[in-house]
Amino acid sequence: MKNVEEKPLNNSRSKYIVDSMFGTLARKLRILGFDTYYDSNLEDHDVIRIGIEQDRTIITADKELFSRTVNRCSKCNGELKERPKETIRSKVKDGVFQNNECFFECNDCLKVYWMGTHIAEIKLWVQKLNDIMRSTSHDSTADKQKQKSKFS
Ligand SMILES: [Zn+2]
C-alpha cells in the first residue's frame, strides 16, 4: 500500500500559477519572492495550459478546474474519478483523510489522489504571510489606534 502514501500531485514547488480568485494571495506570494503567474483575466483553460506548459503548480479553489487538471493517473494513466470521502477512509493516512475533502481514485490501479496537498500548504502560508504583513504595517495601525483613542 506504499503507493497511496503522501505524494503531491505536482512536485514542482518553486513556480506557481494562481487562478483569478486568488489575487491577494498572488500578490503576497510575489512579495515573498515566489515565481507567481497571475492574471485576473485568465480563463480556466489558460490557467491549465500555462500551468502545464511552464510546469507551475496550479493553485485553485475551483474543484472543477482541479479535476480537469488531474484527470489521469500518474502511475498507469488510468482515468481518475472523484470519490465520496467516506469511501477512501481506509485507503489514506488519518491526517490526509482529516485534512482533505476532495478525493479521486484511479479507475484502473485504485491509486488515491487528493486535492489538499498544495491547498493546505497555501493556507498555512497565507497565515504566515498575514502575520508578516501585519508586523510590517504595525506602525500605521498603531497610529490609527492612537488617533481613534483620542476621539473616543
Ligand atoms: Zn492508475
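## Aspartate 35 and its surroundings

Leaving aside neighbours within four places in sequence, aspartate 35 is in contact with Ser14, Lys15 and Tyr16, in what is a predicted model. For one of these residues, tyrosine 16, the C-alpha atom is separated from that of aspartate 35 by 6.2 Å, although the two residues are 19 apart along the chain.

Aspartate 35 is found in strand β2. Is this residue buried or exposed? Aspartate 35 counts as exposed because 12 other C-beta atoms lie within 10 Å, and a residue is classed as exposed when that number is 12 or fewer.

Strand β1, residues 15-18, pairs in the parallel sense with strand β2, residues 35-38, and the pairing extends over 4 bridges. Within this pairing, valine 18 stands opposite tyrosine 38 of β2.

The bridge partner of isoleucine 17 in β3 is isoleucine 58.

## The antiparallel sheet

Strands β4, β5 and β6 form an open sheet of 3 strands, in the order β4-β5-β6 and with antiparallel pairing. The edge strands are β4, residues 80-83, and β6, residues 112-114, each of which pairs on one side only. From one strand to the next, the twist averages 35 degrees.

Between β4 and strand β5, which spans residues 103-106, the antiparallel pairing runs over 4 bridges. Lysine 81 stands opposite glutamate 105 of β5.

## The chain as a whole

The protein chain contains 6 helices and 6 strands, and from the N terminus on its elements follow the order β-α-β-α-β-α-β-α-β-β-α-α.

How many of the 152 residues of the protein chain, as a percentage, count as buried? The share is 18%. With regard to contacts in the protein chain between residues at least 6 apart in sequence, 51% join residues that are at least 24 apart.

Technical notes. Residues numbered from 1 in each chain as written. Predicted model: local features only at pLDDT ≥ 70, side-chain atom pairs only at ≥ 80, totals over all residues. Pairing = 2+ DSSP bridges. Helix = DSSP H or I, 4+ residues; strand = E, 2+ residues; numbered from the N terminus. Axes fitted to C-alpha atoms, helices over the stretch in contact; angles between N-to-C directions. Buried ≥ 20, exposed ≤ 12 C-beta atoms within 10 Å, placed from the backbone. Contact = placed C-beta atoms within 7 Å.
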